[in-house]
Amino acid sequence: MTDSRALMDQAERQCRRRGVRFTPIRQRVLQMIADTRGGLKAYDLLDRLATEHASARPPTVYRALEFLIDQGLVHRIESLNAYVACPCPEHAHGFQLLICRDCGRVEELHLDDINEQLGQRAHELGFTVQRQTIELLGRCEACHAVPQTS
């Protein structure tokens with residue numbers, strides 16, 4: 001889990017610098033995601049938001065998520081169809097996600113050499129990368145310490 005207050009402050013500053021509106025709904029969606037260990041699904045967000053805002057509907061949540069992704073504040077975990085807060089939204093380039101299959105913890109990496117190699121190879125093949133998602137599923141150190149039951 002990220003330091004949500006610091007993340008919210010950084011998000012506000014970033015949106016102000018970019019001249020985009022960081023509305024209360026967008027702020028609340030980001031706060032909910034940041035306060036959740038691991039990823040949060042859109043409909044879980046909607047359920048939580050609906051308890052605070054009776055008018056919350058799926059388009060409300062999806063528009064907020066789209067904005068947060070576009071601003072680099074949230075990442076979509078493709079394999080889980082869930083969303084996680086970006087701990088370092090100032091990085092405008094690729095990232096990798098380590099996802100613990102047991103506890104749901106998500107760790108973000110920035111291995112630029114991997115991104116460069118993938119981009120170079122794609123270019124050599126005449127391919128234009130529009131979005132990159134690298135997810136590694138496994139077990140975190142804390143879960144390794146707990147014996148698996150099967």
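Visitor: In which sense do strand β3 (residues 96-100) and β4 pair?

Guide: Housekeeping first: this is a predicted model, where local features need pLDDT of at least 70 and side-chain atom pairs count only at pLDDT 80 or more, while totals for chains, interfaces and linings use all residues. Residues are numbered from 1 along each chain as its sequence is written, and side-chain values use heavy atoms, leaving out hydrogens and water. Helices (H or I, at least four residues) and strands (E, at least two) are DSSP runs numbered from the N terminus, and two strands pair if DSSP finds at least two bridges between them. β3 and β4 have four bridges, and the sense of their pairing is antiparallel.

Visitor: Which residue in the turn of the β3 and β4 hairpin has a positive phi?

Guide: Five residues lie between the two strands of this hairpin. One of them has a phi of about 85°, and that is G104.

Visitor: Which strands sit at the edges of the sheet?

Guide: The sheet is open, has three strands with mixed pairing, and runs in the order β4-β3-β5. An edge strand pairs on one side only, and that holds for β4 and β5 (134-138).

Visitor: And which residue is the bridge partner of I99 in β5?

Guide: β3 runs parallel to β5, with five bridges joining them. Look in β5 for the residue that I99 bridges to, and you land on L137.

Visitor: Back to β4: which residues make up its uncovered face?

Guide: Strand β4 spans residues 106-109, and its covered face holds V106 and E108.

Visitor: How many salt bridges does the whole structure have?

Guide: Some of them link up: R5, D9 and E12 form a network. Searching the whole structure gives a count of nine.

Visitor: Why are R5 and D9 about one helical turn apart?

Guide: R5 and D9 form a salt bridge, with the closest N and O atoms 2.6 Å apart. R5 has 45% relative accessible area, and D9 has 30%. They are about one helical turn apart because both sit in helix α1 (residues 4-18), with a spacing of four residues.

Visitor: How are the axes of α2 and α3 oriented to each other?

Guide: Axes are lines fitted to C-alpha atoms, for helices over the stretch in contact, and angles run from 0 to 180 degrees between N-to-C directions. The axes of helix α2 (residues 24-34) and helix α3 (residues 42-52) come within 11 Å and cross at roughly 125°. Angles under 35 degrees count as roughly parallel, over 145 as roughly antiparallel, 65 to 115 as roughly perpendicular, and the rest as oblique. So α2 and α3 are oblique.

Visitor: Which residues of α3 make the contact with α2?

Guide: Contact means heavy atoms within 4.5 Å. From α2, the residues involved are I25, R28, V29, M32 and I33. Facing them from α3 are L45, R48, L49 and E52.

Methods:
Salt bridge = Lys/Arg side-chain N within 4 Å of Asp/Glu carboxyl O. Buried < 20%, exposed > 50% of the residue type's maximum accessible area, 1.4 Å probe, protein only.
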